[in-house]
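Subject: The structure for you to look at

Hi,

Here is the structure I said I'd pass on.

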Amino acid sequence: MTTERTGDIELLVVDEAAQLKESESVVALQLSCLRHAILIGDEFQLPAMVHSDECEKAKFGRSLFERLALLGHHKHLLDVQYRMHPSISWFPNQEIYGGKIKDAEIVQESTYQKKFLRGKMFGPFSFINVGCGKEEFGDGHSPKNMAEVAVVSEIISNLFKVSSKKGIKMSVGVISPYKGQVRAIQERIGDKYSCLSDKLFTLKVRSVDGFQGGEEDVIIISTVRSNGNGKVGFLSNRQRTNVALTRARYCLWVIGNETTLALSGSIWAKLVMDSKRRKCFFDAKDNKKLRDAMNDALLKVITMSTPTSHSLSGQKSPRQYALAEEENTNKKMKKSAIKNRIWTDEDELALLKRKIRILKERFLTRMEKINQGNDSIFSDAGEAFRYSNMIWSQNDSQVANDEINNVLITMSTPTSHTLSGQESPRQHAVVEEENTKKMKKSASSRKRIWTEEDELALLKGFVAYRATGDLPNRDWDTFRRSLGDPIAAEFSNEQLRRKIRHLKGRFLSRMEKINQGNEPILGDAGEAFGYSNMIWGQNDSQVADDEINNVEEDAGDEEVAANVELLNEKNVAVESDFEDSNATDADELCAVRDAFEALVMMSPDLYDDQKRMQLERLMNLGAGERKELSDGWKALLDEQVKFEMMKLSFFVNLGEKATGK
C-alpha cells in the first residue's frame with residue numbers, strides 16, 4: 001500500500017472487527033500516515049472462519065479485537081440495544097453480556113409488540129418443544145430433523161396467510177446451525193415465497209453464519225438435535241447461539257427437543273429452564289395444526305425408511321411378490337405410525353374408558369367364579385381385586401372378603417421353596433406386617449425443609465393453643481390440626497415435637513448470649529424470638545416449662561432431627577441428628593443453617609434442588625468444619641450488631657446536631 005493509493009489516512013475504522021483475523025487487521029495498520037484506529041465489533045459473536053483444526057487450536061482465527069480485550073485494553077460498551085423486544089433480549093443479555101445491555105425506550109413501548117399469530121405460543125419469545133423428532137444424517141454428515149422441518153413449514157405457511165389476508169408487511173428468517181436442515185427446509189417450502197412481486201412477505205432460510213449482522217421481524221430457530229443422551233455437537237457454541245438468539249425484532253420462536261437440550265449441559269439447557277421460568281415454554285403437540293404436520297412428517301419418514309427386497313421367492317411371481325411386499329409395508333407403516341403418533345387428550349380418554357370397562361368385566365367374572373366356589377384369583381392380582389371390589393361390588397360378600405384376605409396373605413407369602421421349614425404362611429404374614437409398620441414409621445420421618453414462615457406459624461399456633469387452656473402433649477393430633485395448612489398437611493406429630501425442642505434450644509442459646517452482653521437477634525428473627533420468649537422466657541408461667549418438659553418426655557431417648565432433612569435421589573431421608581443433651585452440636589447446626597439461609601437470600605437464582613443439595617452437604621460436614629463455619633457466622637453476627645449499634649449512635653448524634661440540641 002502506497003501513499004499514492006491510500007492518501008493521507010490518519011484515522012482507520014474497522015467494522016465487524018471481531019470477525020477479522022489478527023493477521024488481516026495488521027495489514028491495514030501498516031498505513032504510513034495512520035494515527036488512530038477504532039475497532040468496532042463483538043467478541044461474543046462469530047469469529048473469523050478457520051477450516052483447519054490445527055489452525056483453530058493455534059488461535060489463528062482470533063481477532064485483534066479479541067486479543068486486545070484479553071490483554072485488558074479499555075473497551076467502550078455500546079450498552080443500548082434498539083432491535084429486540086425485551087422478552088427476546090432478556091436471555092442473551094443475562095447469559096452472555098452479564099446484564100449490562102439496556103433496552104432502548106422504543107423497544108419497550110407497547111406498539112413495539114407485534115402479534116402475528118394467535119395463541120400464547122406465538123408471543124414475543126417462545127420455546128416450542130418437538131419431542132417426537134428424529135435426527136437423521138445424510139450424505140454430507142449434516143443432520144436434519146423432518147419433524148422440525150414440518151413445524152417450521154407450517155408456521156411459515158400460517159404467517160404468509162396472515163400477511164396476505166391482512167396486508168401486513170412481514171419479514172421472516174429461519175435459522176439452523178446445520179446445513180442439512182437448511183437444505184431440508186428449503187426443499188420443503190420450494191420457491192413458493194421467493195417469487196412474490198409485492199415484497200409484502202419476505203423469507204430467508206440460512207445457517208447461523210449466513211445471518212451474522214442480519215435481522216428480521218420474526219426469527220424461527222430449528223435446533224435439529226434429538227437424542228436421549230444430550231449430544232448437541234457444535235450447537236453448544238456460545239457465540240453461534242448468541243448470533244441466532246439476537247436476530248429477531250418482534251418475535252423469536254425456538255424449535256427444539258426439550259430433553260436433548262436439557263441434558264446437553266450447554267447454554268441451551270439454560271435457555272430451556274429460563275423459558276419455563278418465564279412461562280414461555282410450549283409443546284408443539286398442543287397446537288392442532290402443528291400436531292397434524294408432525295404426524296404427516298412421521299408417516300413420510302416411516303414410508304421412506306421401509307426397505308424393499310430385491311430377492312424374489314422362486315414360488316412367487318413378480319406381481320405376487322410386489323403385492324405381498326406392499327401389504328407388509330402397509331402393516332409396518334400402520335404399526336409404526338401407531339407407535340410414533342402423538343397422543344391427544346381424546347385418545348387418552350378413550351383408552352381409559354376402554355380399560356375401565358375391561359377391568360370391570362374382569363372383576364365381575366372373577367366374583368361370579370368365587371361365588372360358585374372356584375378360586376380364580378391369582379396372587380399378583382390381590383390388591384387390584386381389592387380396589388375393584390371397593391368400586392363395583394354390590395355387597396360386601398363374606399366370600400369376597402375372605403377371598404381378598406386369602407389373596408393378600410398369599411401375596412405376602414414367599415413360594416414354598418423359599419420358606420423356612422419352621423415358618424408357616426401365617427407366621428410369615430405376621431412378620432411382613434411388622435416390616436410394613438417399620439417401613440411406614442421410617443417413611444413418616446421423611447420431611448420437607450422447614451421455612452422461617454413455618455417456624456413462625458408453629459410458634460404462633462403454640463401460643464394460641466396454650467391460651468385455650470390446653471397443652472399439645474395431651475392430644476398432638478388436635479394440636480396439629482389447629483395449626484392449619486400447610487403445616488398440618490405436611491408435617492407429622494413427631495416432626496412437630498422435634499421442631500419444638502429445636503426451637504427451644506435455639507431460643508435458650510440466644511438468651512444465654514443476650515445475658516452475656518451480646519445481641520444475636522437480628523432483622524426478621526425478632527418476631528419469632530418474641531413468640532419464643534412468650535413460651536420459654538424466664539418470666540413466663542410455669543405452664544410453659546411443664547409443657548416443654550412433657551414434650552421432651554414424650555420424645556424419650558429418640559434422636560432429635562436438625563432443622564433440615566433432605567431427600568436424596570432414592571427419596572431416603574437424610575437427617576442431621578444430634579442429641580438434645582448436646583446443645584453445642586445443635587447450636588452449631590442452627591448457626592450453619594442460618595448462614596446458608598442468608599446466602600440463599602443473596603442468591604435468588606438458585607433452584608430448590610440446588611438448595612437441597614448444598615444444604616445437605618453443609619449438614620453432613622465434619623465436626624471441625626462445622627465448628628469453623630459456626631464460629632465464623634457468629635463472629636459476623638456480633639460484628640453486625642456492633643455496626644448497627646454504632647450506626648444508631650451516629651444517627652442519634654447526627655439528629656441532635658441537625659436539630660441544634
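This is a predicted model: local features need pLDDT of at least 70, side-chain atom pairs count only at pLDDT 80 or more; totals for chains, interfaces and linings use all residues.

**The covered strands**

Start with strand β5, residues 125-129, where 5 of the 5 residues are buried. Which residues cover each side of β5? On one face you'll find F125, F127 and N129, on the other S126 and I128, and all of them are buried.

Strand β11 (residues 248-256) runs parallel to β5, and 5 bridges join the two. One place to look is S126, which stands opposite W253 in β11. Strand β12 (residues 281-283) is also parallel to β5, with 3 bridges between them. There, N129 has D283 of β12 as its bridge partner.

Now move to strand β8, residues 170-176. How many of the residues in β8 are buried? The count is 7 of 7. M170, V172, V174 and S176 are on one side, S171, G173 and I175 are on the other, and both faces are covered.

β8 runs parallel to strand β9 (residues 201-207), and 7 bridges connect them. You can find M170 opposite F201 of β9. β8 is joined to β10 as well, by 4 bridges, and this pair is parallel. In that pairing, I175 stands opposite I221 of β10.

**Two helices**

Helix α8 covers residues 179-189 and contains V182. Is V182 buried or exposed? V182 has a relative accessible area of 9%, and buried means under 20%, so V182 counts as buried. V182 and S222 are 40 residues apart along the chain, yet their C-alpha atoms are separated by 9.0 Å.

Helix α11 takes in residues 267-277, and its buried residues are I267, W268, A269, L271, V272, D274 and S275. If you're looking for a pattern in a list like that, here is a handy rule: an α-helix has 3.6 residues a turn, so residues three or four places apart point the same way.

**The charges**

In total there are 21 salt bridges. Here are three of them to click on.

- K270 pairs with E95, and their closest N and O atoms are 3.1 Å apart. K270 sits in helix α11 and E95 in helix α5 (residues 86-95), so this pair ties together parts that are 175 residues apart in sequence. K270 itself is partly exposed, at 39% relative accessible area.
- D217 pairs with R249, with 2.5 Å between the closest N and O atoms. Since D217 belongs to strand β10 (residues 216-222) and R249 to strand β11, the pair links parts that are 32 residues apart in sequence. D217 is buried, with a relative accessible area of 10%.
- D286 pairs with K285, and here the closest N and O atoms are 4.0 Å apart. D286 is exposed at 57% relative accessible area, while K285 is partly exposed at 33%.

The D217 and R249 pair also belongs to a network of salt bridges, made up of R83, E215, D217 and R249.

There is a patch of positive charge on the surface as well. Which residues gather in it? They are K161, R188, K192, K289 and K300. K300 is in helix α12, residues 288-305. With 52% relative accessibility, K300 counts as exposed, because the cut-off for exposed is over 50%.

**Two loop residues with positive phi**

Last, check the backbone at K59 and K279. K59 has a positive phi of about 65° although K59 is not a glycine. K59 lies in the loop between α3 (53-57) and α4 (64-70).

K279 is another non-glycine residue with a positive phi, in this case near 60°. You'll see K279 after α11, in the loop between α11 and β12. K279 is exposed, with 72% relative accessibility.

Terms used
Residues are numbered from 1 along each chain as its sequence is written. Side-chain values use heavy atoms; hydrogens and water are left out. Patches are made of residues with over 30% relative accessible area and no salt bridge: like charges are joined within 9 Å, nonpolar side chains (Val, Leu, Ile, Met, Phe, Trp, Tyr) within 5 Å. Accessible areas come from the Shrake-Rupley method with a 1.4 Å probe; for residues, only the protein chains shown count as cover. A salt bridge is a side-chain nitrogen of Lys or Arg within 4 Å of a carboxyl oxygen of Asp or Glu. Lys and Arg count as positive and Asp and Glu as negative; His and the chain ends are not counted. The place of a charge is taken as NZ of Lys, CZ of Arg, CG of Asp or CD of Glu. Buried means under 20% relative accessible area, exposed over 50%, partly exposed in between (1.4 Å probe, protein chains only). Two strands pair if DSSP finds at least two bridges between them.
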